[in-house]
Amino acid sequence: MKVLVTGATGFIGSHLVEALRRRGDEVTALARSLKKAEALRPLAVRVIPGDLDDIVALSKAVEGQDVIYHVAGVISARSEAEFMASNRGGTRNLVEATKVSGTGPRFILVSSMAAGGPSPRGRPLKGEEPPKPVTRYGRSKLAAERVVEASDLPWTIVRPPMVYGPRDREVLKVFRLARLGLGPVFGDGTQELSAVHGADLADALIAAATTTRTSHKIYYACHAEVFTSTHFVRSIAGAMGKPIAVIRVPLSVGRGVLAITETAARITGQTTILTTDKANEFFQTAWTGDPGPLTRDSGWTAAHDLTAGLAETWRWYRDAGWV
């Protein structure tokens with residue numbers, strides 16, 4: 001099978017490319033950075049230089065593909081307009097290039113649980129609920145979904161929750177704090193969460209792409225277990241064999257800290273996910289998804305529970321010298 005992966009040099013994309021090559025698929029990667037794309041060389045991946053604003057590169061990349069996995073997107077930006085330009089605008093460009101190609105490949109959009117919004121406590125989302133994003137990022141991912149839904153392509157949208165595993169740099173921050181004996185949680189530590197290991201998410205995307213039963217549907221890809229934020233930081237500490245002190249961060253303090261990190265990023269000309277807007281996600285009561293519909297339609301189930309997944313992640317971080 002011939003497939004295109006956008007965002008192939010990133011955390012999720014790299015796991016997906018590895019899984020696709022194990023299957024024997026011919027993989028094309030649209031790569032903004034040729035330096036980062038060097039990591040794909042051992043996997044015999046065809047690399048097209050360019051980004052989601054490069055119409056010529058997009059036209060070349062989509063040509064002759066059976067499946068397009070759209071993984072690329074931004075998770076931090078200076079404004080809602082910047083989020084929209086990348087996540088909605090880039091998706092629109094890719095969809096238009098795909099339509100012009102006339103081949104009608106399966107189109108798998110990697111969205112985010114942020115597009116659906118938080119879940120009620122004790123009631124994981126299934127993908128059929130009215131979306132209620134609470135951040136600029138979430139609204140931009142929902143806007144990207146709307147672009148895909150409005151197309152005549154055979155699409156599937158996958159909304160992963162927190163994704164972790166080898167090569168991830170976001171959960172890495174929690175590991176580094178745990179090494180110092182610190183386990184911060186937002187609010188009272190009872191926030192309910194779902195998660196998925198990067199390798200499991202890659203398998204979920206492939207499962208969604210290889211059956212027609214998933215066409216024109218939205219899914220949450222995650223492990224079925226639900227855990228609290230306190231359990232999460234303690235599980236990381238357990239994987240490391242480190243004692244930690246759980247530090248509960250109230251809303252007022254959290255917003256203050258996020259205001260500082262946001263201001264610091266703006267002054268230095270950088271972007272960060274740690275903004276005051278992100279507090280609208282951090283302090284919700286639950287972010288949980290139900291993988292049942294995806295299992296029903298594709299047969300996929302997550303292989304890594306939290307304990308096993310974090311243990312593997314810790315070993316990789318340690319061996320790679322990241323912690």
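**Labels and their grounds**

Modeller: R169 is exposed, its relative accessible area being 52%. This is a predicted model, in which local features need pLDDT of at least 70, side-chain atom pairs count only at pLDDT 80 or more, and totals for chains, interfaces and linings use all residues. Residues are numbered from 1 along each chain as its sequence is written, and side-chain values use heavy atoms, without hydrogens and water.

Biologist: Why is R169 called exposed?

Modeller: Exposed means over 50% relative accessible area, buried under 20%, and partly exposed in between (1.4 Å probe, protein chains only). R169 has 52%, so the label applies. R169 lies in the loop between β7 (162-164) and α7 (171-179).

Biologist: Which residues form the positive surface patch?

Modeller: R32, K36, R169 and R176 form the patch. Patch residues have over 30% relative accessible area and no salt bridge, and like charges are joined within 9 Å. A salt bridge is a side-chain nitrogen of Lys or Arg within 4 Å of a carboxyl oxygen of Asp or Glu. Lys and Arg count as positive, so the patch is called positive.

Biologist: What makes β1 and β2 paired strands?

Modeller: Two strands pair if DSSP finds at least two bridges between them. Strands β1 (residues 2-6) and β2 (residues 26-31) run parallel and are joined by five bridges, so they meet the criterion. V3 has V27 in β2 as its bridge partner.

Biologist: What makes β1 mostly covered?

Modeller: Four of its five residues are buried.

Terms used. Patches are made of residues with over 30% relative accessible area and no salt bridge: like charges are joined within 9 Å, nonpolar side chains (Val, Leu, Ile, Met, Phe, Trp, Tyr) within 5 Å. Accessible areas come from the Shrake-Rupley method with a 1.4 Å probe; for residues, only the protein chains shown count as cover. The place of a charge is taken as NZ of Lys, CZ of Arg, CG of Asp or CD of Glu. Helices (H or I, at least four residues) and strands (E, at least two) are DSSP runs, numbered from the N terminus.
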